[in-house]
Amino acid sequence: FRAYSHSEIARDAATIKNSVVMHLTTTFLRTPDSMDSGHAYLASAFSVRDRLLQRWNLTNEYHSNIGAKTIYYMSLEFLVGRTFDNALLALQLRDEYAGVLGDVGFRLEDIIDEERDAALGNGGLGRLAACYVDSMASSNYPGWGYGLRYRYGMFQQQIINGYQVEAPDCWLDSPNPWEFPRADVTYPVKFYGHLVRDPEVSYRYKWESNVVYDAMAFDMPVPGYGTENVGNIRLWSCKTNGLFDLNKFNAGDYQGATGGQVAAQILTDVLYPNDNTNEGKELRLRQEFLFCSATLQDIIARFKKTGKPMTQLPELAAIQLNDTHPTLGIPELMRILIDEEGLSWDEAWDTTTKTFAFTNHTVLPEAMEKWPVPMMDKILPRHMGIIYDINLFFLQSVEERFPKDRELLRNISIIEESNSQQVRMAYLACVGSHKVNGVAAIHSDIIKQTIFKDFVRIQGEDKFINKTNGVSPRRWVNECNPDMSRLITEAVGDRSWINDLTKLKVLESKVDDKEFRQSWWEAKQKNKARLAEYILATTGINVSPDALFDVQVKRIHEYKRQLMNILGVIYRYHRLKQMSAAERTKELHRVVVFAGKAAAGYWVAKQVIKLINSVAEVVNSDEEIGDVLKVVFIPDYSVTAAEYIIPASDISQHISTAGTEASGTSNMKFVLNGGIILGTVDGANIEIGEEVGEEQIFFFGCLAHEVDEFRHYLRFHQPKPDEALQAAFDMIQSNTFGDAHIFQPLIDAVLCGGDVYLLTVDFPSYVEAHKAVEAAYRQHDDWVTKSILSVSRMAKFSSDRAVQEYAEEIWNIEPAPVGKST
Ligand code: 26W
């Protein structure tokens, strides 16, 4: 047993070239003469992967040899994006591969572009999971992500006639160099069936069923940067070959022969494309259980190899629940411990609660997962029984401390007494965990005052903590912004900042350095030119990099208020149309960029996309307006698109109604790339403002504590749009952007639907904030100062800091760097 040391990775051009050619000829049966860029990518990727494998094997071997405590990050979503460039940077082989590929006539950038995103997530929650496993690997924490290997990831968004049209994301159609099938790591997962009570122990059961599917592991490497550690994301896929019915086939029943396979496969076929809405679909519940059962069986199997008693599980394993989606892991662990491992209820419960911790990511009521008791009882009879018992013991303990408070018991019960009864997953996750956290300071406060209010009273303040989100500096600065990264490296003196963002502080001393400022500005201009090319390629729209780039990219949702943004654009267009040509020449040129997907069933969000595209069409072809205003909707937003868009922004909008955006993470990415925020006093915007200073951020809008009162007022009073908002409505209603009927429901939601997201309240200060941004951008020198100072103060928002806090305060786990103690 010995370490492969860093230097043993061959980096000379001849060896790299040999390995690329070897994969080209033997893995893909091609010759160098017939190599296209697709095969150049595949052959290079397989060659890089070989180099990663040495470290990956060693990491796993090392961690099991030293019996390291491991963190298991359970998430139904991992929004990884591409891996090739990330791996090249982590192994510090980027220049070497660029050279080798250059020798045979390829540009590395084009080869990188051949890779398809692994888009196994919707938005913030899924990308956070990917950043956290990146940080665990780069900070040497033994940590695994667990998720599902969806055959179809986040749908591809096409824009047809201005409307979003969804197409399947067949990301596995071509070979995937970044996954390892592990046929030997397969677990049976049961559904339905009946229970047989143990004759001796009243709460122990045997669960019998003949509906059993196999979940098979696929492992994805997570290259650590500046370390030899390689992390792992283990994704489960339903295995179907055992389900082929040869007897039916032989009897000529071909559909019947494959029926079992179809029923199984569908479990891991598609990612549910909902972000913040709970549909309550039975297939989703079965997906969640398949995931939880396979994961818990795998964790237990690994633990049992140590030979330690099951009650010591929390000493070797910490399980983090990424929102409530994996909450069935709690009753599944209870079932395994009680029914299969023979623990008493109390031992099992103590072990379970010490192992699990839970992160809440949203306060929107429509996002809260609840499952009808009859559905759960049918699909998972044993788990329903366990949940009843967990609830019973919990309520009994509360009753002892707060006797006769029927209302309290009703409020905190894991079972909601509606018609039909529902299992409240957030309550189950809370009761089954030793720590519960929100994802930004304001959000963590809000959940303590709202959904978990009674739980704070019962279980104590200390259980409820804050862990402000963070983003990976590897992907979100070093990889996506090479020019700015080069400048930072020069200022810091080396690349250490990539694993330690506190080093960014030195930029502060560069703020008066003329040459540095000039380079900083040029880097941004170059990124804007790159985005302009991307916009031209994806939309056919020509934009000038000299304009102010004003960007809002995120899932389309009413609470995120893309509608307010486009209404602001319409108002701007209205004003420009009223000006004389001479007046217009004095206006600041602006490109307003939107991107984001709407859940397939979210009609209002889809109408907002249509409105944006209709406005874009009219404004962009208005010759009077020319370059003064351009509006762009970039289709098919993705991690890769974000890597083009974010480094190119001057101002980005994070304008949720106060109190609704739990944290936001793109806000952090924009500022880390030298962009400035126009935002509400919400989520992590607040903490970003605290760090960078009020000169460096443009806040507007009402405050979270004022929202309830405004909403209450607007339920009973007609909302009153100010003149600006009214002008925007008038422009829509006079058919300026096509048939106004299409958009009337959007206006009605504001004027007749109680204006739940408070557009009429915030619009006046929103318009003012835009004016302030414009004035500031015209002060070119001050703007560069703001940009440099902001970046220098962003250390807090590294996911390395976040993961370290989780490790110290929740997981009780320490770094175990591979190679250091061998
Ligand atoms: C069951 C349907 C469903 C699916 C996804 C409900 C809720 C979700 C997620 C929790 C939504 C989500 O992605 N939330 C986002 O999480 C980010 C990471 O913490 C935060 O930065 C965002 O503010 C929050 O909206």
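A residue is termed buried if 20 or more other C-beta atoms lie within 10 Å of its own, exposed if 12 or fewer do, and partly exposed in between, with C-beta atoms placed from the backbone. The model is predicted: local features need pLDDT of at least 70, side-chain atom pairs count only at pLDDT 80 or more, and totals for chains, interfaces and linings use all residues. Residues are numbered from 1 along each chain as its sequence is written.

**View 1**
Gly231 belongs to strand S11 (residues 230-239); strands (E, at least two residues) and helices (H or I, at least four residues) are DSSP runs, numbered from the N terminus. Gly231 counts as buried because 26 other C-beta atoms lie within 10 Å. Contact between two residues requires C-beta atoms, placed from the backbone, within 7 Å. With neighbours within four places in sequence left aside, the contacts of Gly231 are Val133, Met136, Ala137, Gly143, Trp144, Val222 and Gly224. Pro374 stands 143 residues from Gly231 in sequence and 40 Å away in space, C-alpha to C-alpha.

**View 2**
Strands are taken to pair if DSSP finds at least two bridges between them. Strand S12 (residues 317-322) and strand S13 (residues 356-359) are parallel partners over 4 bridges, and Asn322 is placed opposite Thr359 in S13.

Strand S23 (residues 676-680) is joined to S24 by 4 bridges in a parallel arrangement; Leu678 stands opposite Phe698 in S24.

Arg561, a residue other than glycine, has a positive phi near 60°. Arg561 is located in the loop between strand S19 (548-553) and helix H22 (562-578), and is classed as buried because it has 28 C-beta neighbours inside 10 Å. Asp636, also other than glycine, has a positive phi near 55°. The loop between S21 and helix H25 (639-645) contains Asp636, which is buried, with 21 other C-beta atoms within 10 Å.

**View 1. Ile645 in the largest nonpolar core.**
A nonpolar core is a set of buried Ala, Val, Leu, Ile, Met, Phe, Trp, Tyr and Cys residues joined through C-beta atoms within 7 Å. The largest such core holds 235 residues, of which Tyr72, Leu290, Ile570, Val593, Val615, Val632 and Ile645 touch the most other members. Leaving out neighbours within four places in sequence, Ile645 contacts Leu531, Val551, Val553, Val593, Ala595 and Ile634.

**View 2. Thr353 in helix H12.**
Thr353 is part of helix H12 (residues 345-355). Thr353 counts as partly exposed because it has 19 C-beta neighbours inside 10 Å. Beyond its neighbours within four places in sequence, Thr353 is in contact with Gly432, Ser433 and His434. Ile330 is 23 residues from Thr353 along the chain, and their C-alpha atoms are separated by 8.2 Å.

Strand S5 (residues 156-160) and strand S6 (residues 163-167) run antiparallel and are joined by 5 bridges, with Gln158 opposite Val165 in S6. The hairpin has 2 residues between the strands, and Asn161 takes a positive phi near 55°. Elsewhere, Asn419 and Ser420 are joined by a cis peptide bond with omega of about -5°. Ser420 lies in the loop between strand S15 (415-416) and strand S16 (422-424).
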